[in-house]
Each structure stands twice: as structure tokens, then as C-alpha cells.
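Subject: Structure handover

Hello,

Here is the structure for you to look through. My notes on it follow below.

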Amino acid sequence: CLHYPAEVTNTAPSSPQSPPPLPALSGYPYNMTPSPARILIFLLPTPSLIPPPPVRRPHRALAGTARCAPEAVAGGGFVVIEDDLSELLQILPRDLRDNLQNEPRRDQLLEVILDLGRRPEARFLGNSGGQYLRDNEISQLELEEAQRAVGEFGGDNRAGIEGTLHRISAIRSRKGMVVGLTCRVGRAVNGHVDMVRDLLNYKESILFLGRPGVGKTTVMREIARVLADEFQKRVIVDTSNEIGGDGDIPHAAIGGARRMQVPEPSMQHRVMIEAVENHMPEVVIVDEIGTEAEAQACRSIAERGVMLIGTAHGERLANIIKNPVLSDLVGGVETVTLGDEEARARRTQKSILERKAPPTFPFLIEMRERHYWVTHRTERSVDMLLHGKKPLVEVRKRDNEFEVVIERWATYDGDGL
């Protein structure tokens, strides 16, 4: 049985001959809006139905924004609330600072690379390569001055600038000396949450996948703010300082969400459990799930009825299924031996792969690009991939007018197992 709202607004023309619309991926029909009143409706599968047209959701902009981001367009779009770029530029050598302050694409700056004995390089959003900032190489003295401006690095070789969202990561030699710095720009951006606002209503855990730099952490910040301020949830952000910014006071980008800082990366799973046991959150947000202990902690939290919002590195669902460390996030995989009759009935080999347990995250979103996401109902997609079939997914993207377009029941275009 599926839960459907009692009040339904159907914009499609009705006729006695027309069949009811397909249920949406999240459990609701594509033209239904959830409401607090709920009734139970039992549906029978109707595979012959024609998929509904894409759904368009207009963008909503927040008040009090500071300046427009590169993606902003007339009538709607992303708006940068705060980027504090001048704070990041202060740690750079003076000539690089002046160069970037006069750079026309300053709002698109992604990171600045300072490597000993090499020319400094700036990387911008939308460009695969970098741009050299000067012809002279970075000296040891310049690296030491930048390191003093940043302060002490943690056990994960990361540091931040207090009161900002910027991240500075160090590369060390075998002797422990800093020989390179990656200065990553952190921005608070309004607009990402419109891509998944409807999914947040279902109070089910969501896992975001994507390559580094695609915007996973930016999405986490805005989801934390929306859940805490608009949905009035008790939210705990549990991660290093990249989401909530450096310093003891969390950045305003996460709204009223509370933050528990992780002193060492190896302790993150312990702090996750501590957050649930001590502070009674309704939502826990975890960035960069990467170890088996963290995956087990996520399952323990989910089984206690707490909603999880998490991220992991990986471009496709198949990457997580094949990863022995993280596969438990989507239910895990085990080998099952079938009997002769069952194997003949299924027309398969006797040894097959099956999902081992319910997934920790009922929803999984592949962030292909900043404005192109593929949404899975994890349980169904994993089962179909294990059986060598293509699952049906939702494709969420922005059109030329920057409105969110949701294509229901699209055939998955990712690789199989």
C-alpha cells in the first residue's frame, strides 16, 4: 500500500476512458501535492500506461541575497548569499591577490593551486583546465606565509578561515613539510534545494553521489537550512567544518541547524552516534561518507527512525554497489544459490547476486552536473541492476529559463553491473 494525500489537485483533463496517472518515483502521483491529511489507497500495476509529461517547478529566490552568482538569470536562478572571497584572497601572495581581484570571472572561481616550484594556477567553474596567474614559480617562503595566515591544519590536512566556508588543503612531503596548497572557494548558494524540495516532504533518507566539485556540499548546506528553518526540524550537521564553516560559531548558511564538529576524521562515526544519543535530532546530515564504520553508523541511525542526508564520492549507483566499503548504504550484495527448478523458472544461472538488506537510503541521487540529477528509488533500482535490467528513474534538470523540469519514468542510461 502507498500513502496518498486526501486532497488532490489534478490538472490533467479527465475522461471515463483515460487511465489514472502512473505513481511517481517517490510514491506520489506526479500531479499530486502532499498534504498533512493522508489516506490509504491500494494500487494495481498498470504497465501499459503512457508516461506522464515532464513536471516544471518554478524557481523561488530568497530575500536578503548579496550578489548574483554566474548561474543567475533574469526572472530566477541561483543567487549567491555570501562567498567572502576577499577573506580567501588575503592568504595569497599580493600579486596573485591583485590578479584575482581584477579577474572578470572572479564569481566563477573554484580554487587556487599553490605548488612549490610551479606556477600558481586558478580553476574556474565550467572549465576543465586551469589558468596560470603568473610566470614565476611559487617559492617556499610564499607557502610558509600562506600557511601562517591559515593556521594549524587538522589530521586530514584541512584547515579553514574562521567565519567563512572556504577550505584550504595541504600536500606534504615525506618529512611533513607543506609543499602544496589547494585553496577551495566555499559559497552559500540559494536554489539547489528546489531540485529536491518535494522529496524532503517524505521524511526519507537521501544519498547524493557525485564527483568532487559538482556541488554536493553546497546542496548539504542549503538542505540543512531549509529543514531547520522552513520544515522546523531538529537538524544536526555532523562533519568537518566544510559545511558549517570554520570557527566555533556555525556559518549562517546552515540556518538554525546545529553542528557537531569532528576533531579527527577517524572519529566521525562515533560523533554520528553521539549526536543521535545525546541531542535527539530528527535529521542528521553527514558529508563524505567514506569508511565502513561510517556506513554502519548510518544504518544504525536510520534504524532508530532518524532521517539521514548524506554524500559519497561516486558517479553512478553501480559504483556504490560494487564498492565493498559503501555497498551497505544501498542494501549490500550477497551471492545466492538457486535450486534447479528456480533457476530454470528465472532462466538464470544457479548462483546470482541479490540485495542483502533494505537500503539505508531509500532515495539516491546521481549529481551528473550541477543542474542535471538522476533520482533513484534505491531498492527498486538496485534489484533491477542486479538482475541485469535497466531501472526507471526520475531525471531532474533545469531548462533555459532555469526552471526545474522533472521527467518521470525515464529509462536509466547508466552502466549495469
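**Strands 9 and 10, and their sheet**

Strand 9 and strand 10 (residues 167-172) pair in the antiparallel sense, over three bridges. Strands here are DSSP runs of E with at least two residues, helices are runs of H or I with at least four, and both are numbered from the N terminus. Two strands pair if DSSP finds at least two bridges between them. Within this pair, R158 stands opposite S169 in strand 10.

This is a predicted model, in which local features need pLDDT of at least 70, side-chain atom pairs count only at pLDDT 80 or more, and totals for chains, interfaces and linings use all residues. Residues are numbered from 1 along each chain as its sequence is written, and side-chain values use heavy atoms, with hydrogens and water left out.

The two strands belong to an open sheet of six, in the order 8-7-6-11-10-9, with antiparallel pairing. Strand 8 (130-132) and strand 9 (158-160) are the edge strands, and each pairs on one side only. From one strand to the next, the twist averages 25 degrees. Axes are lines fitted to C-alpha atoms, for helices over the stretch in contact, and angles run from 0 to 180 degrees between N-to-C directions.

**Helix 3**

Helix 3 (residues 140-150) lies across strand 6 (109-115), strand 9, strand 10 and strand 11 (178-184). The helix runs at about 55 degrees to strand 11. Which of its residues are buried? They are E142, L143, A146 and V150. Seen down the helix axis, these buried residues fall within an arc of 100 degrees, so they line one face of helix 3. Buried means under 20% relative accessible area, exposed means over 50%, and partly exposed lies in between (1.4 Å probe, protein chains only). The arc is that of the directions from the helix axis to the C-beta atoms.

The buried residues of helix 3 pack against strand 6, strand 9, strand 10 and strand 11. On the other side of the helix, L141 and R148 are exposed. Just after helix 3 comes G151, with a positive phi of about 105 degrees.

**Helix 10**

Helix 10 (residues 378-386) has T378, S381, V382, L385 and L386 as its buried residues. They fall within an arc of 130 degrees, seen down the axis of helix 10, so they line one face of the helix. Their packing partners include helix 8 (317-322), strand 20 (363-369), strand 21 (372-377) and strand 22 (392-398). G388 follows helix 10 and has a positive phi, near 80 degrees.

Five of the seven residues of strand 22 are buried, so strand 22 is largely enclosed by the rest of the structure. Strand 21 pairs with strand 22 in the antiparallel sense over four bridges. There, V374 stands opposite V395 in strand 22. Six bridges join strand 22 to strand 23, again antiparallel. The bridge partner of V393 is A410 in strand 23. Strand 22 and strand 23 form a hairpin with five residues between them. In that turn, F402 has a positive phi of about 70 degrees.

Most residues other than glycine have a negative phi. Q232 has a positive one, near 55 degrees. Q232 sits in the loop between helix 5 (216-230) and strand 14 (235-239). Is Q232 buried or exposed? Q232 is exposed, with a relative accessible area of 60%.

W409 also has a positive phi, near 55 degrees. W409 is in strand 23 (residues 404-411). W409 is partly exposed, at 25% relative accessible area.

**E366**

E366 is in strand 20. E366 counts as buried, at 0% relative accessibility. The E366 side chain makes a polar contact with the side chain of R368 (2.9 Å). A polar contact is a pair of N or O atoms within 3.5 Å; within protein, one must be able to donate a hydrogen and the other to accept it, and residues adjacent in sequence count only if both atoms are side-chain atoms. Leaving out residues up to four places away in sequence, E366 touches residues including E315, R316, Y372, W373 and H376. Contact means heavy atoms within 4.5 Å.

**The whole protein**

The protein has 10 helices and 23 strands. Of its 417 residues, 49% count as buried.

Best wishes
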